[in-house]
Amino acid sequence: MTESTWADQVKPVVAVVGRPNVGKSMLVNRILGRREAVVQDLPGVTRDRVSYDAEWNGREFVVVDTGGWAPDAKGMAAQIAEQAELAISAADVVLFVVDAAVGTQDVDEAVVEVLRRSRKPVVLAANKVDDLRQEADAAAMWNLGLGEPHPVSAMHGRGTGDLLDALLAVMPEAPREGEQQIGGPRRVAIVGRPNVGKSSLLNQVANSRRAVVDNVAGTTVDPVDELVEVGGVVYRFVDTAGLRRRVKEASGHEYYASLRTQGAIERAEVCVVVLDASETISDQDLRILTMVEEAGKALVIAYNKWDLTDEERRHYLAREVEQDIRAFAWAPSVNISALTGRNVDRLSKAIEEALEGWETRVSTGKLNAFLGRLAAAHPHPVRGGKQPRILFGTQAHTSPPTFALFTSGQFDPQYVRFVERRLREDFGFRGSPVHVEVRAREKRKK
């Protein structure tokens, strides 16, 4: 199942295409009015087709940023071109961006042929027209045969308003801003360190070449999202850039890609953390798991590349899981192969289990009965001649389950972890972090 089968179909789709380094992503940021697309002064930074929600004059639409299109491309460049052609086929309107400062290139002519075959409405943007003196450069783009070229400067914002008006003029009708229905598919972020198979997993669940896949670590830069059906349930899967050791160690577009990944985790409801089963679990894997837990998101662990593991590796992996992943034993796990599709269908059950735990609510009556039994059997140790007690407890909120304990004094962190563990044993919370906040009663002033 794809975007056209869900609520997004009511929003018109604008595909932004053009050859590499003409300023497509910068123009996308201008249209959005915020820095969303990763931009750097190098060709080939955008690789997948990436969707963003946009609005102009009260009209809502979806902007799809694509990688640079080039004929006769090979390797990763060919996959990038394929993503651009898929974006054109799925779009209602195509925004074709050319570089007015350089003039018409053979590659531009080749893109025009693809656009003519698509029979989609095309709006031509002549970018890098920073002042009136360059207006003549934009006028020269009439020779492409796509109608009036709209002079714009993505860097300075010049002419973008007129360009957006031209897009709205050829766009199919859409609901006014605010008419969209609330809700929709659950948001699932696919995260992990570089080259563990995140994009391959998205392609497998989407049953299409949705994301560019290459053996080069760091192929994905922008978060890539897709509505897909797994086990009869529709989810919005988001493929993210691989998280390196430290965000501050990354440079250029990798730094911003890491920030986008962190943002995708914050917006997600469930995070599928992909680990490479054929390699030793690394400190970075554990950092990513901790990042998801601290963000308070439901968690599923996917051990990928299971087809590349032999008996010896599985023996060592079991020991690593027992030692290193013990702190995340509450998360459901699936052994998969994103390449062959092995057990990928089981992800749906694990995701639903994690979401159920994430949204579990315990009534105040049940919680305080549990806390009474716990305190009677295992009271808090005496500290400084006093024994702090739990006066009252309540579940402050769900997603993730968060409990507030009102106490007569401060609690030891070890005892708080003990309470968390016993909460899991009694109430489940499978696949979800559990947060316990201690609110000690203030000492009365004499």
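I started with Lys305, which sits in the loop between strand S11 (298-304) and helix H9 (311-324). Helices (H or I, at least four residues) and strands (E, at least two) are DSSP runs, numbered from the N terminus. Lys305 has a positive phi of about 60° although it is not a glycine.

A note on the source: this is a predicted model, where local features need pLDDT of at least 70, side-chain atom pairs count only at pLDDT 80 or more, and totals for chains, interfaces and linings use all residues. Residues are numbered from 1 along each chain as its sequence is written, and side-chain values use heavy atoms, with hydrogens and water left out.

Next I checked Phe429, in the loop between helix H12 (413-427) and strand S15 (435-440). Phe429 also shows a positive phi of about 60° without being a glycine. Is Phe429 buried or exposed? I found it buried, with a relative accessible area of 2% (buried means under 20%, exposed over 50%, partly exposed in between, with a 1.4 Å probe and protein chains only).

Then I turned to the sheet. It is open, with 3 strands in the order S13-S14-S15 and mixed pairing (two strands pair if DSSP finds at least two bridges between them). S13 and S15 are at the edges with a single partner strand each, so one side of each has no neighbour in the sheet.

Phe392 stands opposite Phe406 in S14.

Last, I noted that Pro400 is in the loop between strand S13 (390-397) and strand S14 (402-407). The peptide bond from Ser399 to Pro400 is cis, with omega near 0°.
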